[in-house]
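Here is a short briefing on one protein model. Look through the structure first, then read the points below.

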Amino acid sequence: MQIFINILIGLVAFLHLYFLYFEMFAWTTKGPKIFRSFPKDLFEPTKAMAANQGLYNGFLAAGLIWTYFIETIEWKTNVALFFLGCVAIAGIFGALTASKKIFFVQAMPALVAMILIFLTL
C-alpha cells in the first residue's frame with residue numbers, strides 16, 4: 001500500500017511541477033491552445049498572474065517531494081497530508097469556480113492518496 005501511496009504523491013507532485021512550468025514559462029505559448037475559451041488577447045496581460053500561480057504550484061510540488069526525504073513516519077504522514085490537503089482544497093475550489101475538470105485532474109488524486117494514508121494509519 002505504501003508503494004501505491006508514494007506513486008500517487010509522486011503523480012500529484014509531477015502534475016504540480018507541470019503546472020509550474022506551464023504557468024510560469026509557457027502561459028503565452030501553450031496557454032491559448034489549452035484554454036481555448038479564454039480570450040487570446042488576455043494571455044499576455046495575465047502572464048504575471050499566471051506565473052504567480054505557477055510559483056504556488058511549485059511550492060505544493062516541493063512539499064510533496066519533501067515527503068520522500070522525511071524518515072520519521074509521523075512527520076512524513078503529517079507533511080504529506082498537509083500538502084495533499086492543500087492540493088485537494090485548491091482543486092475543489094478550482095472545480096467550483098473555473099472548470100469541473102480540475103476536480104478530476106487535481107483534487108481526486110490528492111483525495112485518493114489522503115484516503116489511502118488514513119487507511120494505513
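A residue is buried when its relative accessible area is under 20%, exposed when that area is over 50%, and partly exposed in between. Phenylalanine 38 has a relative accessible area of 26%, so this residue is partly exposed. Keep in mind that the model is predicted.

**Nonpolar cores**

- The largest nonpolar core has 20 residues.
- Ile9, Leu64, Leu84, Val87 and Ile117 touch the most other members of this core.
- Four helices each supply at least two of its residues: H1 (2-25), H3 (47-66), H4 (73-97) and H5 (101-120).
- H4 gives the largest share, with 7 residues.
- Leaving aside residues up to four places away in sequence, isoleucine 9 touches Leu64, Thr67, Tyr68, Ala80, Leu84 and Ile117.
- A second core is separate and has 5 residues, among them Phe22, Ala26, Trp27 and Phe43.
- As background, nonpolar side chains tend to be buried together in soluble globular proteins.

**A buried histidine**

- Histidine 16 sits in helix H1.
- Its relative accessibility is 1%, which is under the 20% limit, so histidine 16 counts as buried.
- What does histidine 16 touch, not counting residues up to four places away in sequence? Its contacts are Asn57, Gly58, Leu60, Ala61, Val87 and Gln106.

- Ile3, Phe4, Ile7, Phe104, Met108 and Val112 make a nonpolar surface patch of about 600 Å².
- H1 and H5 are the elements that give two or more residues to this patch.
- Isoleucine 3 belongs to helix H1.
- Is isoleucine 3 buried or exposed? Its relative accessibility is 65%, over the 50% limit, so isoleucine 3 counts as exposed.

**Aromatic rings**

- The whole structure holds 12 aromatic pairs.
- One of them joins phenylalanine 38 and phenylalanine 43 edge-to-face. Their centres are 4.9 Å apart, with 80° between the planes.

Definitions and conventions:
Residues are numbered from 1 along each chain as its sequence is written. This is a predicted model: local features need pLDDT of at least 70, side-chain atom pairs count only at pLDDT 80 or more; totals for chains, interfaces and linings use all residues. Side-chain values use heavy atoms; hydrogens and water are left out. A nonpolar core is a set of buried Ala, Val, Leu, Ile, Met, Phe, Trp, Tyr and Cys residues joined through side-chain atoms within 4.5 Å. Buried means under 20% relative accessible area, exposed over 50%, partly exposed in between (1.4 Å probe, protein chains only). Contact means heavy atoms within 4.5 Å. Patches are made of residues with over 30% relative accessible area and no salt bridge: like charges are joined within 9 Å, nonpolar side chains (Val, Leu, Ile, Met, Phe, Trp, Tyr) within 5 Å. Accessible areas come from the Shrake-Rupley method with a 1.4 Å probe; for residues, only the protein chains shown count as cover. A salt bridge is a side-chain nitrogen of Lys or Arg within 4 Å of a carboxyl oxygen of Asp or Glu. Rings of Phe, Tyr and Trp (its six-membered ring) pair if their centres lie within 6.5 Å; planes under 30 degrees apart count as stacked, over 60 as edge-to-face and the rest as tilted.
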